[in-house]
Amino acid sequence: MGFRSTFATLVLLTMAGTALAQNQPAAPLAPPTGNAQRGKTLFETSLRCYACHGFDGQTGSPRLVPMTRAEDVFLAYVRKPATQGMPSFVAQLEADLRDVYAYIRSIPQAAPAADSVPVIKGILDRRSKTN
């Protein structure tokens, strides 16, 4: 087998391995260690996470639900965010951040009701007035 054949075979095997790895389901996340009820209070009041992410973590930017990050990865990110739009919570107690993570993980993934989205509600209201 010449160099080109060996190289082509190696490239094909690498591509096939990459494709298989990408199609594998992600390993399930470990259960959160924090207190979700306390995390909800922190999310909605003192930390004000809802201001950017929505009260349900699904309507803001970026969406937090479904949470795909492991707890330690989440903690590292919120302490040292990769984007300028995300405030750093480096001084926040670790227990607080674990509680927020537990709350985010407890939020069921669901689409919001149409009439709970102001833009859609406005459209529906206008349509009902014209009919």
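How many helices and how many strands does the secondary structure of the protein chain come to? The answer is 6 helices and 0 strands.

## Model and conventions

This is a predicted model, in which local features need pLDDT of at least 70, side-chain atom pairs count only at pLDDT 80 or more, and totals for chains, interfaces and linings use all residues. Residues are numbered from 1 along each chain as its sequence is written, and side-chain values use heavy atoms, with hydrogens and water left out.

## Overall fold

Along the sequence, the protein chain reads α-α-α-α-α-α. Helices here are DSSP runs (H or I, at least four residues), strands are DSSP runs of E with at least two residues, and both are numbered from the N terminus.

The protein chain has 131 residues, of which 23% are buried. Buried means under 20% relative accessible area, exposed means over 50%, and partly exposed lies in between (1.4 Å probe, protein chains only). The accessible surface of the protein chain is about 9,400 Å², and carbon and sulfur atoms account for 62% of that surface. Such areas come from the Shrake-Rupley method with a 1.4 Å probe; for residues, only the protein chains shown count as cover.

Contacts (heavy atoms within 4.5 Å) can also be sorted by sequence separation. Of those in the protein chain between residues at least 6 apart in sequence, 57% join residues at least 24 apart.

The structure contains 6 salt bridges, each defined by a side-chain nitrogen of Lys or Arg within 4 Å of a carboxyl oxygen of Asp or Glu. One of them pairs Asp 99 with Arg 38, with 2.4 Å between the closest N and O atoms. This pair links distant parts of the chain: Asp 99 belongs to helix H5 (residues 94-106) and Arg 38 to helix H2 (residues 36-44), 61 residues apart.

Asp 99 is buried, at 8% relative accessibility, whereas Arg 38 is partly exposed at 38%.

## Salt bridges around Arg 98

Arg 98 forms a salt bridge with Glu 71, their closest N and O atoms lying 2.6 Å apart. Here too, distant parts of the chain are linked, with Glu 71 in helix H4 (residues 71-79) and Arg 98 in helix H5, 27 residues apart. Both partners are buried: Glu 71 has a relative accessible area of 9%, and Arg 98 has 18% relative accessibility.

Arg 98 also meets Glu 94 in a salt bridge, at 2.7 Å from N to O. Glu 94 and Arg 98 are separated by about one helical turn, because they are 4 residues apart in helix H5. Glu 94 is partly exposed, with a relative accessible area of 39%. Through shared partners, salt bridges join Glu 71, Asp 72, Glu 94 and Arg 98 into one network.
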